[in-house]
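Dear colleague,

I am handing over the structure below, together with notes on what was found in it. Please read the notes with the coordinates open beside you.

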Amino acid sequence: PLITEYIPINYSDAEADIKPHIEKILTADRGKISVNTRTNMIIITDVREVIDQAKEIIFRLDKVTP
């Protein structure tokens, strides 16, 4: 079953920095990703396993730049 998650991005640019990495793991013909640029939020629709992977990628990439 498909589910939708709204994931806020705090430190990175969702469109340029995060979206390209998430697009590579989406389920073919089912998974979708979009970005709300105003709130810098990722909206992802896919199966639970892929969304969990996407959250892990975001957790590792969305860091404060020293």
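Leaving aside residues up to four places away in sequence, Ile44 touches Ile3, Thr4, Glu5, Ile7, Ile22, Leu26, Lys32, Ile33, Ile51 and Ala54, where contact means heavy atoms within 4.5 Å. This is a predicted model, in which local features need pLDDT of at least 70 and side-chain atom pairs count only at pLDDT 80 or more, while totals for chains, interfaces and linings use all residues. Residues are numbered from 1 along each chain as its sequence is written, and side-chain values use heavy atoms, with hydrogens and water left out.

Ile44 belongs to strand β3, residues 41-46, and is buried, with a relative accessible area of 0% (buried means under 20%, exposed over 50%, partly exposed in between, with a 1.4 Å probe and protein chains only). From Ile44 to Leu26 the C-alpha distance is 9.1 Å, across 18 residues of sequence.

As for the whole protein chain, there are 2 helices and 3 strands, arranged along the sequence as β-α-β-β-α (helices are DSSP runs of H or I with at least four residues, strands runs of E with at least two, numbered from the N terminus). Of the 66 residues in the protein chain, 35% are buried. Among contacts in the protein chain with a separation of 6 or more, 63% are between residues 24 or more positions apart. Taken along the principal axes, the C-alpha atoms fill a box of roughly 40 × 20 × 15 Å.
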